[in-house]
Amino acid sequence: SEPMWSVFVQDLSGRHHLFSFSPMLPVAQARARIAQGLRMTEAGTRIVTSGREMLNQGTLQDWGMGHQSRLVVLARLRGAGGDGGSIVSRRDCIRGLTPGLGLPPKTEYKMTTRKAGWTMCPKSLEPLQPPAVVACDLGQMYNRGEALLQALVHAALPEHADVRHIKKLANLTPLKFTDNPRWQPVQKLELASLDQLLDRWACPILGDITTNGVHRFVFFRQCGHVISEEAAHRLAKQVQCLVCHQPACSIEAYDGTCDNVIIPLLPTDEEALEALRGFAKRRRALAKSTQPARKKKRPNEDPSTVPTNTTSLAAEWCATTKQPRYATGAARGSSPGFFH
């Protein structure tokens with residue numbers, strides 16, 4: 001008579017079951033008997049021996065099995081493969097990514113922050129609306145309006161600490177964007193979602209690179225043109241604006257003679273932010289050293305004699321909102337106030 005083998009089968013919960021199989025039994029029949037004994041579907045059952053999945057080809061003896069061998073039963077997951085299994089995508093194989101969980105939290109946070117910066121003003125919380133979009137020396141974009149002016153006037157408050165480096169409105173650069181012809185306009189920007197506001201602008205040099213929150217862009221501080229960082233790297237030898245051909249320089253090469261500095265937009269790396277802070281500090285120091293000495297104000301000088309063409313934030317705010325520069329307390333001899 002034909003000998004019979006005792007085979008231990010481990011189910012999904014880790015428990016072992018004893019089956020008796022003939023060495024010449026086809027694998028397909030053995031799979032059917034195991035699925036029936038474990039109350040599983042045959043199509044959803046995978047059998048593994050010695051780390052190899054047993055296909056429906058040959059017999060148990062052909063797969064190197066013997067008496068008191070051990071089989072492991074696994075469930076077959078439905079995926080995109082034609083064989084009923086799952087296919088691991090290239091995205092899951094990239095180092096640093098967790099299969100099924102997408103990008104790491106730190107990378108996801110940076111991309112979300114960059115997408116928000118390309119669509120909304122951080123002060124007015126309204127969509128960016130050219131030509132009123134301006135950028136500071138740290139690469140942050142704002143809508144030039146009342147919300148930004150209020151933040152600059154009350155920069156001492158904790159909620160406006162991010163704009164303390166902006167000393168006056170002249171330090172802001174009006175940005176000049178290039179529209180993306182493939183972007184689908186929306187009727188009301190205020191009601192549009194974040195995804196609908198992406199890809200509004202494109203690189204004038206490399207048109208296929210858009211402001212989708214993934215690609216990085218730079219702007220020229222004096223002329224205001226916005227191009228992609230990749231275009232700036234490709235034409236690194238031409239130290240000039242690639243749109244208006246105005247001479248330019250990098251942050252590291254800034255010496256006070258060229259104001260058309262190339263500044264990255266919406267930087268997320270701490271090293272890039274530190275480099276921009278150092279540039280802003282060096283630019284203010286150079287500008288202060290080249291300015292002529294100011295005339296000291298006399299203690300008994302009448303506030304009405306102060307020139308109105310000053311470049312301070314107070315004067316710019318009053319010129320915009322048409323409010324008096326000094327409060328009524330100044331007329332009583334007290335120190336001049338602002339918005340008392």
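1. The lining of the second largest pocket splits into 20 nonpolar, 5 polar and 5 charged residues. Here Ala, Val, Leu, Ile, Met, Phe, Trp, Tyr, Cys and Pro count as nonpolar, Asp, Glu, Lys and Arg as charged, and the others, Gly among them, as polar. A pocket is an open set of points on a 1 Å grid over the protein atoms alone, with protein on both sides within 12 Å along at least five of seven lines; lining residues have an atom within 4 Å of a point.

2. This is a predicted model: local features need pLDDT of at least 70, side-chain atom pairs pLDDT 80 or more, while totals for chains, interfaces and linings use all residues. Numbering runs from 1 along each chain as its sequence is written, and side-chain values use heavy atoms, without hydrogens or water.

3. The second largest pocket holds about 580 Å³, a volume being the space filled by probe spheres set on the points. Its lining has 30 residues; Val 218, Glu 229, His 233, Ile 262 and Pro 264 lie nearest the centre. Strand 9, helix 6 (229-234), strand 11 (262-264) and helix 7 each give two or more lining residues. Helices (H or I, at least four residues) and strands (E, at least two) are DSSP runs, numbered from the N terminus.

4. Which residues does Phe 177 contact, beyond its neighbours within four places in sequence? They are Trp 118, Pro 130, Val 133, Met 141, Trp 201 and Val 226. Contact means heavy atoms within 4.5 Å.

5. One cavity, where a 1.4 Å probe fits but cannot get out, reaches 30 Å³ or more. The largest cavity has about 40 Å³ of space. Among its lining residues are Cys 136, His 165 and Arg 283.
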